[in-house]
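Student: Please take a close look at one helix packing region. I would like the geometry, the residues in contact and the setting in the chain.

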Amino acid sequence: MRITEIIYLVMVSIMQNKFKVLLTSLGIIVGAMTIVMVIAIGVGGQMDVADQFKNLNAGTIEIESISATSATVDMRQMMQMMQMRSSASTSSSNSNIATLTVSDTEEMVLFINGIKDISLVASSSQSVYGGDLDETTTYTIVGASEEYQTITNLSMYMGEFITSEMEETEARSVILGYDVATEIFTYPMLAYESEIAIDDRTYTVAGVLNKTSNILNGNTVDSCIYMPYSTAEKNIFDTDIKPQMVVLAEDVDQVATIIAKASVLLKEIHPQGEFTISDAGAEMEAALSSANTLSMLLLAVATIVFIVGGIGIMNVLFVSVKERTPEIGVLKALGTSKLDILLQFLIEANLISVIGGIIGVGLSYVIMPLMQDVIRMEPTTEAGIMALVFAIVTGTVFGFYPAYQASQLRPIEALNAK
């Protein structure tokens, strides 16, 4: 029997049982959808990580002061703390948190080689009024230095970022994130050189940042107002504000050395302080690793769905072989070989899988745009191809044994079957 005749018989069988074919391929449809969407979620997660870190150089180091652990407090100190009045106790609990200062950054540059730029950065929420605002609105105010722009690769839409002169004179100048400028002045270009009031003090807008949608030091750049750290320290920040120190290494290979030296130096400057020191490269690798792990877990789930779908195809083909035993007997009596019978049922299994795969891939591309508000998905052509390959493999593997059984039927027994 020629291959075209085998394919014709397969098509006739499928067209006569359209609803059964659709139900049979349901597992494959779900499996194909799952694979495409899982890969889209994985790619979306990787792009989220890349977006989150794209404004940080690979050699960026972040230093943050934290509470001293209970292990650093001996029993005598514990007893003394218990005997203190509640107000004194509250004050004592905060005394274990060292506050990073501008002089700390100067000592870091003086005693540690390989530091290209360094900046303190801290944030606080304050009421803002001006422009087209009808009432005061709360925004995040970030205090930073001139070097912060280089470290984080922030780019300007117009105007300039914080300058050394602004820092030295404690200038009441601010740089607006793109969304802030839009919300306050409707058009970002109107913000430049305008005035806004922050906590009842007037500030001049020295610049507007380009839109980035990035998060830096826990703050969304587009929704922040930046000002010189010296100005923020004087007019905005409370005494309990604990700034972070952001360091940029001249060479990525020097990051580990700088971290080790910074840990020792800060311990000398703040003997009672505890610090966490991390670098952007390690954080990005960890985030990507987590995203990839999640993708692999979801892909494993998709594989299980395909296996279930394959078992469904196998069961239906077993039933089909039983129902079509007389037909097989007639074909064999007419001289059809075992290989032709095997190919007929194997092609049928593959075609059912491919139909399910195509429907599943198509549905996934329709559903993904509807889910973008819930989770980021980035559809790829490779995902669709992989889903179809999975469908073909599933049809071949799970369709082979029923096809083999059909090919082994004896003509006389098949013709006599009821």
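Tutor: In this predicted model, helix α13 (residues 325–333) packs with α14 at an angle of about 145°. Their axes are 10 Å apart. Axes here are lines fitted to C-alpha atoms, for helices over the stretch in contact, and angles run from 0 to 180 degrees between N-to-C directions. Helices are DSSP runs (H or I, at least four residues), and strands are E runs of at least two, numbered from the N terminus. The crossing of α13 and α14 is right-handed: the near helix is turned clockwise from the far one by less than a right angle.

The contact itself (heavy atoms within 4.5 Å) has Glu327, Ile328, Leu331 and Lys332 on the α13 side. On the α14 side are Lys338, Ile341, Gln344 and Phe345. By class, these residues are four nonpolar, one polar and three charged. Nonpolar covers Ala, Val, Leu, Ile, Met, Phe, Trp, Tyr, Cys and Pro; charged covers Asp, Glu, Lys and Arg; the others, Gly among them, are polar.

Now follow α14 to its other partner here. Helix α14 (residues 338–367) and helix α15 (residues 381–407) have axes that come within 7 Å and cross at roughly 150°. The two are therefore roughly antiparallel to each other (angles over 145 degrees). The crossing of α14 and α15 is right-handed. Their contact has 17 nonpolar, 10 polar and one charged residues.

Threonine 394 lies in α15. Its relative accessibility is 7%, so threonine 394 counts as buried (under 20% relative accessible area, 1.4 Å probe, protein chains only). Beyond neighbours within four places in sequence, threonine 394 contacts Ile28, Phe306, Gly310, Ser353 and Gly399.

Zoom out to the chain. There are 16 helices and 12 strands. Of the 418 residues, 43% count as buried. Take contacts between residues at least 6 apart in sequence: 79% join residues at least 24 apart.

A note on conventions. Residues are numbered from 1 along each chain as its sequence is written, and side-chain values use heavy atoms, without hydrogens and water. Local features need pLDDT of at least 70, side-chain atom pairs count only at pLDDT 80 or more, and totals for chains, interfaces and linings use all residues.

How values were computed:
Angles under 35 degrees count as roughly parallel, over 145 as roughly antiparallel, 65 to 115 as roughly perpendicular and the rest as oblique. Buried means under 20% relative accessible area, exposed over 50%, partly exposed in between (1.4 Å probe, protein chains only).
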